[in-house]
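Here is my note on the model you sent. Please read it with the structure open.

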Amino acid sequence: VAMQRRMVDLRAKWNDQGYERPFHMRIGINTGFLNVGNFGSDDRMDYTIIGKEVNVAARLETAAQSGKILLSESTYDLVKDEIQCGFRGEIRVKGISRPLMTYWVGN
């Protein structure tokens with residue numbers, strides 16, 4: 001949420017500086033188990049995350065509207081008592097066989 005608020009401030013600043021197409025951001029958040037660490041070989045090593053849950057988060061980001069944060073049901077279940085969220089509905093995404101229940105942060 002803080003990142004989205006900061007992006008609004010930055011867009012206003014960039015508009016004042018004459019940028020015609022400032023950045024817009026959308027966020028997808030999923031909760032689950034994944035693998036984190038250094039992956040690769042001695043020639044090329046990257047610190048990264050991999051797993052199905054990462055792919056779900058990426059798909060949620062793609063499905064989110066500009067300026068919005070889209071949560072998976074697993075994340076919503078963890079934050080629903082702390083953050084105001086609204087039900088968005090089921091979506092189907094590439095690589096996931098079942099529909100995903102999704103929720104917006106805010107209204």
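Predicted model: local features only at pLDDT ≥ 70, side-chain atom pairs only at ≥ 80, totals over all residues.

The points below take the helices, then the strands, then the aromatic residues.

1. Helix α1, length. Asn15 belongs to α1, which covers residues 2–16. The helix has 15 residues, and at 1.5 Å a residue they should span 21 Å. The end C-alpha atoms of α1 are 22 Å apart, so the span agrees with expectation. Just after the helix, Gly18 adopts a positive phi of about 95 degrees.

2. Which residues of α1 are buried? They are Gln4, Met7, Leu10, Arg11 and Trp14. These residues cover an arc of only 115 degrees around the axis, so they sit on the same side of α1. Ala2, Arg5 and Asp16 are exposed, on the face of α1 turned away from the buried side. The cover over the buried residues of α1 includes β1 and β4.

3. Gln4. This residue lies in α1. Its relative accessibility is 10%, under the 20% cut-off, so Gln4 counts as buried. What does Gln4 touch, leaving out residues up to four places away in sequence? Its contacts are Met25, Arg26, Ile27, Gly67, Lys68 and Ile69.

4. Asn15. Asn15 is partly exposed, at 45% relative accessibility. Asn15 and Thr31 are 16 residues apart in sequence, and their C-alpha atoms are 35 Å apart in space.

5. Helix α2. This helix runs over residues 52–63 and has 12 residues. From first C-alpha to last, α2 reaches 17 Å, close to the 16 Å expected. Its buried residues include Glu53, Val56, Ala57 and Leu60. Viewed down the axis of α2, the buried residues fall within an arc of 100 degrees, so they line one face of the helix. That buried set packs against β1 (27–29), β4, β5 and β6.

6. Strand β6 and its neighbours. How much of β6 is buried? The strand is mostly covered, with 5 of its 6 residues buried. Strand β4 (residues 69–72) runs antiparallel to β6, and 3 bridges join them. Leu71 stands opposite Tyr103 of β6. β5 and β6 also pair in the antiparallel sense, over 6 bridges. Here Gly89 has Thr102 in β6 as its bridge partner.

7. Arg88. This residue is in strand β5. With a relative accessible area of 32%, Arg88 is partly exposed. Arg88 touches Ala63, Leu70, Thr102, Tyr103 and Trp104, not counting residues up to four places away in sequence. Phe33 is 55 residues from Arg88 along the chain, and 24 Å separates their C-alpha atoms.

8. Aromatic pairs, Trp14 and Phe23. The model has 3 aromatic pairs. One of them joins Trp14 and Phe23 edge-to-face, at 5.7 Å centre to centre and with 65 degrees between the planes. Are the two partners buried or exposed? Trp14 counts as buried, because its relative accessibility is 19% and the cut-off is under 20%. Phe23 is exposed, with a relative accessible area of 60%.

9. Aromatic pairs, Phe87 and Tyr103. These two rings also form an edge-to-face pair, 5.3 Å centre to centre with 65 degrees between the planes. The pair links distant parts of the chain, 16 residues apart: Phe87 is in strand β5 (residues 85–91) and Tyr103 is in strand β6 (residues 100–105). Phe87 is exposed at 51% relative accessible area, as exposed means over 50%. Tyr103 counts as buried at 10% relative accessibility. Ring pairs link Phe87 and Tyr103 with Tyr76 into a cluster.

10. Lys68 and Trp104. The charged end of Lys68 sits over the ring of Trp104. The distance from that charged end to the ring centre is 5.8 Å. Lys68 is also among the contacts of Gln4, and Trp104 is among those of Arg88.

How values were computed. Residues numbered from 1 in each chain as written. Heavy atoms only, no water. Phe/Tyr/Trp six-rings, centres within 6.5 Å; stacked < 30°, edge-to-face > 60°. Buried < 20%, exposed > 50% of the residue type's maximum accessible area, 1.4 Å probe, protein only. Helix = DSSP H or I, 4+ residues; strand = E, 2+ residues; numbered from the N terminus. Lys NZ or Arg CZ within 6 Å of the ring centre and 35° of its normal. Pairing = 2+ DSSP bridges. Expected span 1.5 Å × (residues − 1). Arc of directions from axis to C-beta. Contact = heavy atoms within 4.5 Å.
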